[in-house]
Amino acid sequence: MCSSDLTPIRGQPVLGSEEMARWFRATRGDRSRATVPITELAGYYVEEGSAENVRGDVAFAQSILETAGFRFPDGGQVAPADNNFAGMGACDSCAAGLRFPDARTGVRAQIQQLRVYAQPGLRNSMLAHPAVDPRLDTHFLRGRVPTWGGDRKSTRLNSSHLVISYAVFCLKKK
């Protein structure tokens, strides 16, 4: 379940929030600059992921990569107070990424976007919670990326650096 770049985006987590937080602290220390403690943040990934049937543990691994271990390097387009853990809205020609009012909402936005990537025909009305971003109904990747090793040409989500990050995450948790 934790070894292939064809790991499904949809499904329940293999790791619980305590396991993710323990792994994070063992490999990254207490250097997180997230707006909530890492245990709370990991809990949001499990809860929000379970609500949408999205692998919260894999989304957590994606966030570690996107935020440089929740350190949000100075000079980046996403700051800790943005509660944006996936670089959503950040691009080479953008001044900043999207901002969310709190950590749970940021995690929910990421999880909802991952579900949109993975589930063909998904409409906002089918989400467990109201859509954080109402534009998800028209997302160009809707249903096109059901696995982490999916359509690598269409999205940064499935590039080799994410697959490598997830593999490292899986190996280090053992």
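**Close-up views of a predicted model**

**View 1. Helix H2 and the residue that follows it.** Just after H2, Asn 53 has a positive phi of about 55°; helices (H or I, at least four residues) are DSSP runs, numbered from the N terminus. This is a predicted model, in which local features need pLDDT of at least 70, side-chain atom pairs count only at pLDDT 80 or more, and totals for chains, interfaces and linings use all residues. Residues are numbered from 1 along each chain as its sequence is written, and side-chain values use heavy atoms, with hydrogens and water left out. The 15 residues of H2 should span 21 Å at 1.5 Å a residue, and its end C-alpha atoms are 21 Å apart, which agrees; the expected span is 1.5 Å times one less than the number of residues. Buried residues of H2 include Leu 41, Tyr 44, Tyr 45 and Glu 48, where buried means under 20% relative accessible area, exposed over 50%, and partly exposed in between (1.4 Å probe, protein chains only). H1, H3 and H4 are among what covers them, by contact (heavy atoms within 4.5 Å).

**View 2. The largest nonpolar core.** This core has 32 residues, and those with the most contacts inside it are Leu 41, Tyr 45, Phe 60, Phe 70 and Phe 85. Two or more residues each come from H1 (17-28), H2 (38-52), H3 (56-66) and H4 (103-118). A nonpolar core is a set of buried Ala, Val, Leu, Ile, Met, Phe, Trp, Tyr and Cys residues joined through side-chain atoms within 4.5 Å.

View 3. H3 is largely enclosed by the rest of the structure, because nine of its 11 residues are buried. Among them are Asp 57, Phe 60 and Gln 62. Thr 67 lies in the loop between H3 and H4 and counts as buried at 2% relative accessibility. The Thr 67 side chain reaches the backbone nitrogen of Phe 70 at 2.7 Å. Not counting residues up to four places away in sequence, Thr 67 touches Phe 72, Pro 73, Asn 84 and Phe 85. Ala 68, which follows H3, has a positive phi near 55°.

**View 4. Helix H4 and its start.** Of the 16 residues of H4, 15 are buried. At the start of H4, a side-chain oxygen of Asp 102 comes to within 3.3 Å of the backbone nitrogen of Arg 104.

**View 5. Glu 19 in helix H1.** Glu 19 belongs to H1 and is partly exposed, with a relative accessible area of 38%. Its C-alpha atom is separated by 8.9 Å from that of Ala 42, 23 residues apart along the chain.

How values were computed:
A polar contact is a pair of N or O atoms within 3.5 Å; within protein, one must be able to donate a hydrogen and the other to accept it, and residues adjacent in sequence count only if both atoms are side-chain atoms.
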